[in-house]
Amino acid sequence: DKGYPILKAGTHITTDASPFEKRWGGWYVTGIHGRTRHMGNVIAEELERDAALDMEKGANRETVDARVSAKKYLTKHSDIVALMVLGHQTQIHNVITEANFDTQFALRDQAVLDEALQRDPTILSDSTKRRIANAGNNLLDALLFADEAPLGDSVRGSSAFAAVFRERGPNDKQGRSLRALDLKTRLFRYPFSYIIYSPQFTGLPQEMKDYVFRRLWEILTASRAVEYPHITRSQRQAIREILIDTLPDLPEYWTEN
């Protein structure tokens, strides 16, 4: 098929907060998703001021064979679960990058003022703390799936991706993993991102990691998750225990009795 973007219909960036109806325009999508619909597997029809898209035609496809020959490719699947994971991973890497830049800019600006005002460079100013906190809160929202759109129906991939992805761990002492998938009401069983294990997160400035770990500890140990009501007490406990068992560079206060 040949196509071109219909710019007058508008564009949008998809994230965890995007409903399925706003995802995967221009993509092939395979897998079962029940009554939920997405923009994949079909071509929009240009209208005078907009575009029309028949999402029924692209729904619940097991392979791409109906639209394209898969013989030239490694697989006949464009697994919906893999696409959901990719969407999350892309989004959170962008947020990590922003947090990295914001922290470095804040520290650079403080260094300039410290020199000009002859201040102690080892003490963060209130302004620097606020800037780091603002970026850190955005990162925590992404890690904790604060704005994730709920699934309208259960989702099942068309390939072995889900099983292979889960097997990569790491697992805690009880065999639990942040890679465990839910796929009934949300993407992951435990609403906290496995991207915390990535080199990109590990490479964040220490000031940012200090803030994120402190706030995360407060959130996961609070008697009530006022800021993140979508996370149950049992989920918060599970996330905390998984991280203690699997993340080596946690601050000491995480494991103190």
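Where is the place of Phe101? Starting from there, please describe the surrounding element and what packs around it.

Modeller: The model is predicted, and the values below are computed from it. Phe101 has its place in helix H1. Its relative accessible area is 47%, so Phe101 is partly exposed. The C-alpha atoms of Phe101 and Ile195 are 18 Å apart in space, while the two residues are separated by 94 positions in sequence.

For the setting, the chain has six helices and two strands, and along the sequence these follow the pattern β-β-α-α-α-α-α-α. Its C-alpha atoms fill a box of roughly 65 × 45 × 35 Å along the principal axes. Of the 257 residues in the chain, 42% are buried. Among contacts with a separation of 6 or more, 66% come from residues 24 or more positions apart.

Now the packing. Two packed helices are described by the angle between their axes and the distance between those axes. For H1 and H2 the angle is about 175 degrees and the axes are 9 Å apart. An angle over 145 degrees counts as roughly antiparallel, and H1 and H2 are therefore roughly antiparallel to each other.

The crossing of H2 and H5 is right-handed. From H2, Ile132, Ala133, Ala135, Gly136, Asn137, Leu139, Leu140 and Leu143 take part, and from H5 they meet Glu207, Met208, Tyr211, Val212, Arg215 and Leu216. These residues divide into ten nonpolar, two polar and two charged.

H5 covers residues 206-221 and reaches 22 Å from its first C-alpha to its last, close to the 22 Å expected for its 16 residues. Its buried residues are Met208, Lys209, Val212, Phe213, Arg215, Leu216, Trp217, Ile219 and Leu220. Their cover includes H1 (80-117), H2 (126-143), H4 (199-202) and H6 (233-246), which brings the account back to the helix that holds Phe101.

Some backbone details lie in the loops. Most residues other than glycine have a negative phi, and most peptide bonds are trans. Phe145, in the loop between H2 and H3, has a positive phi near 55 degrees. With a relative accessible area of 2%, Phe145 is buried. Leu183 lies in the loop between H3 and H4, and its phi is near 65 degrees, also positive. Leu183 counts as buried because its relative accessibility is 11%, and the cut-off is under 20%. Pro170 has its place in the loop between H3 and H4, and the peptide bond from Gly169 to Pro170 is cis, with omega near 5 degrees.

Conventions:
Residues numbered from 1 in each chain as written. Predicted model: local features only at pLDDT ≥ 70, side-chain atom pairs only at ≥ 80, totals over all residues. Heavy atoms only, no water. Helix = DSSP H or I, 4+ residues; strand = E, 2+ residues; numbered from the N terminus. Expected span 1.5 Å × (residues − 1). Buried < 20%, exposed > 50% of the residue type's maximum accessible area, 1.4 Å probe, protein only. Contact = heavy atoms within 4.5 Å. Left-handed = near helix turned anticlockwise from the far one by under 90°. Nonpolar A, V, L, I, M, F, W, Y, C, P; charged D, E, K, R; others polar. Axes fitted to C-alpha atoms, helices over the stretch in contact; angles between N-to-C directions. Parallel < 35°, antiparallel > 145°, perpendicular 65-115°, else oblique.
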